[in-house]
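Hi,

Here is the structure I promised to pass on. Have a look at it first, and then read my notes below.

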Amino acid sequence: MDSRYNPTEIEEKWQKTWNELGLDKVSLDTNKPKYYALSMFPYPSGSLHMGHVRNYTITDVIARLKRMQGYRVLHPMGWDAFGLPAENAAIDRGVPPSEWTYQNIDQMRQQLQRLGLSVDWDCEVATCSPDYYKWTQWIFLQFYQAGLAYQKEAAVNWDPIDQTVLANEQVDNEGRSWRSGAKVERKLLRQWFFKITDYAEQLLNDLEKLPGWPERVKLMQANWIGKSTGAYLEFPIVDSSEKIAVYTTRPDTVYGVSYVVLAPEHPLTQLVTTPEQQAAVEAFVQEVTNQSELERTAEDQPKRGIPTGGKAINPFTGEEIPILIADYVLYEYGTGAVMGVPAHDARDFKFAKDQNLPIKVVIVGADAADEPIVIKEPYTEAGIIVNSDIFNGMASEDAKKAIVEYAEKQGFGKERVQYRLRDWLISRQRYWGAPIPIIHCPNCGAVPVPDQDLPVKLPENVEFTGRGGSPLAKLESWVNVPCPNCGTPAKRETDTMDTFIDSSWYFLRFTDAQNEQQVFDSTRVNDLMPVDQYVGGIEHAILHLLYSRFFTKVLRDRGLLNFDEPFQRLLTQGMVQGLTYFNPNKGGKDKWVASHLVDPNDPRDPQTGEPLQRIYATMSKSKGNGVAPEDVINKYGVDTARMFILFKAPPEKDLEWDEADVEGQFRFLNRVWRLVTEFAENQSSVTHAGQITKTEKDLRRAIHTAIKEVSEDVEDEYQFNTAISELMKLSNALTEASCKDSPIYAEGIQTLVVLLAPFAPHIADELWHLLGNNSSVHTQTWPKYDSAALVADEINLVIQIMGKTRGAIPVPAQADKAELEKYARESEIAKRYIEGKEIKKVIVVPGKLINFVIG
């Protein structure tokens, strides 16, 4: 028998065996309970990084454990494969996006398979494959039929040089195009939206159905949905029948409104602008149009605005108030207009000061109700209403309701519930995405592509320049088609879908990935869904998870699903951090120095010789602090990499990469290897005769303690680090045990290997085989502990004198208080400290300690 642990040889062998045995295929035996373990599927960039390895290892441990616990487990993998990088590769390298993407998928699939993940590869999907996006398009049409997909004009980032639409990530922090360097403009285009706002209340309320989600993720979603209850009020425009509608959560301040502000792009802006202000307003509107939404709403940016010359009437006071336009008001948000209450809002206060607008106090603190009003800063707390006619003297919270009721009676306002959430803009003016299955007919309008004509395939004879409109829009042979309704020459929709759509339903397709007739079989999806454990990064806490929840509810309402929520439990794993060097005297990206260029004993900037500082930071190419998974695997093996990742930090915490700790796990696996192989060589000497000895009892207690502790650690909170600590304790107990020919020792060796299996699957199966077993360790039943074995015959009784611990003695575990006192008094410890002294009091804590109080 080979006494050396050779990870590479073992890992290749067992991955081949598992594949041949089909161990990772999801069972169709519905007598077993189901378990769906899922990692967020990756974008096929071409190479795995340590963040991937951590994510997939965590999910794999859970999947392997659940199989051993008797579940039929679905643990799939796929590719979130549409997106901008493939299109950029086509522009930069002349490689078609599909070729670049599928090459990357092949490369990453090999890397993933080398990790020995227990993935059912028969369920693999790639979102860029026509047999996947056919169903993405079919789902779009379900939304369309339900009245949840519609078109309207919306602003995009426009590159005036390349004449193309840019994604937000293609605009730098100075508002310039990443490719041409042109100052990006905002331009209105007719685009497709999904009506997610119809589901805002459900998406908010159903967060309560997710006790297995981190509270902070649920809070982030709730804040994104942003429900508020307030008042919808109308301010008549002087000399016009039109009114300016505003929404406010502070109706208690309406008597203090001294101006209203319109979004520059608001349709009423032109109407209210006076001839004297026409030129200034047009110039301001043009300037603001070229600003991104981020620039306009940033907290640290000054709020700029100008008067339109128009006036509105505060319906509560009858006063005429000026109408302004300002960059911080967006037409897409709320009503596209806000009322200005400078005395009670920090932003309004600063804006009013800058614009020299009146400031009127209408709420004061309860302790300042009778004092003269001096305005030094805005008062934003609750208080007492003043200067507000019939509402004077009311508490401001009570006044909110009373003022809304008054507005309703007078006909210029009403209570309204509003959400921060806006409808989802799904149009992308790009090639590498799922084409929107709509044909625009001059007679029939927007016509859905018939189901039998799906998928609308992406054409392949496309030229990529990065200039002009969408590459699809230039391909007349693809664009020009007859209308499916009336046969009139018509045009295809040339927008493709936001890639978030692909990832909003992939977990459903995994349950029935090879179905060519349906998006999925409802019986099968309802059997395997919802996902029991979802694992992924916190960066997806809002959009991906919100959109997936939205899709699930829509497809439920279309009669395809019978559940409300897609993910029962969510684990957001922490980042993998590497030792990172930087020069504090440099700025921007130049300050980072790649770790392979640095002597860790004397870290200096290789260019300037200046001393470097070091921190742990998330691994990234720009910081030069990454560790390639293949380098670690080549040196130590997959199982060591897995053990380090699981042991170094709890899954939800950031993990600091440390080569010394990787070495530590490699040494531990080598100890386990020696321990088991030595026993395997000598197991014929195991004898079954005789009474169980104290040594055997102690070892059996260590074995069943390990089973209990590991099971608890991996069951609910996924404390894999402490579970591995328990495996180390069991390994130490077996190493130190003197009863190596005992059947209890044999039980301990077998238990160690079985408990190790989900964490280090390859070495566990090899050791299981060396112990004479023919089946895979991964087909074994997860052990249950014997509670009787956990009961100790003896305990260590701590002896204290005047509250100070002086030692401990072994005593029978069942001894009562009187017996414990007797054992303690007769001990050498007591004799040393008590002899000849008066014992005034004895305090006994059964099972733990005894304390003598002496005079």
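Let me start with a sheet: four strands, open, in the order E11-E12-E10-E13, with mixed pairing. From one strand to the next the twist averages 30°.

Before I go on: this is a predicted model, where local features need pLDDT of at least 70 and side-chain atom pairs count only at pLDDT 80 or more, while totals for chains, interfaces and linings use all residues. Residues are numbered from 1 along each chain as its sequence is written, and side-chain values use heavy atoms, with hydrogens and water left out.

Back to the sheet. Strand E10 (residues 259-262) runs antiparallel to E13, and 4 bridges join the two; valine 261 stands opposite valine 338 in E13. Helix H9 (residues 278-289) packs on the sheet, touching E11 and strand E12 (320-326), and its direction makes about 120° with that of E11. Helix H11 (residues 346-355) lies across E10, E11, E12 and E13, at about 100° to E10. Contact means heavy atoms within 4.5 Å; axes are lines fitted to C-alpha atoms (for helices, over the stretch in contact), with angles from 0 to 180 degrees between N-to-C directions.

Next, the rings. Rings of Phe, Tyr and Trp (its six-membered ring) pair if their centres lie within 6.5 Å, and planes under 30 degrees apart count as stacked, over 60 as edge-to-face and the rest as tilted. By this rule there are 43 aromatic pairs. Tyrosine 150 and phenylalanine 193 make a stacked one, 5.7 Å centre to centre with 15° between the planes. Tyrosine 150 is in strand E5 (residues 149-159) and phenylalanine 193 in strand E7 (residues 185-194), so the pair ties together parts 43 residues apart in sequence. Tyrosine 150 is partly exposed at 22% relative accessibility, whereas phenylalanine 193 is buried at 5% (buried is under 20% relative accessible area, exposed over 50%, partly exposed in between; 1.4 Å probe, protein chains only).

Tyrosine 718 and phenylalanine 720 also stack, at 5.7 Å centre to centre and 25° between the planes. Tyrosine 718 is buried at 3% relative accessibility, and phenylalanine 720 is buried at 1%. Ring pairs also link a cluster that includes Phe140, Phe194, Trp424 and Phe550.

So what does the packing look like around those rings? The largest nonpolar core has 180 residues, of which Phe140, Phe194, Leu508, Phe550 and Phe759 touch the most other members. A core here is a set of buried Ala, Val, Leu, Ile, Met, Phe, Trp, Tyr and Cys residues joined through side-chain atoms within 4.5 Å. Helix H20 (residues 659-682) gives the most to this core, with 10 residues. A second, separate core of 34 residues includes Val246, Ile323, Ala407 and Phe412.

Threonine 511 is buried, at 1% relative accessibility. Neighbours within four places aside, its contacts include Tyr36, Leu74 and Arg524.

Cheers

Terms used. Pairing = 2+ DSSP bridges.
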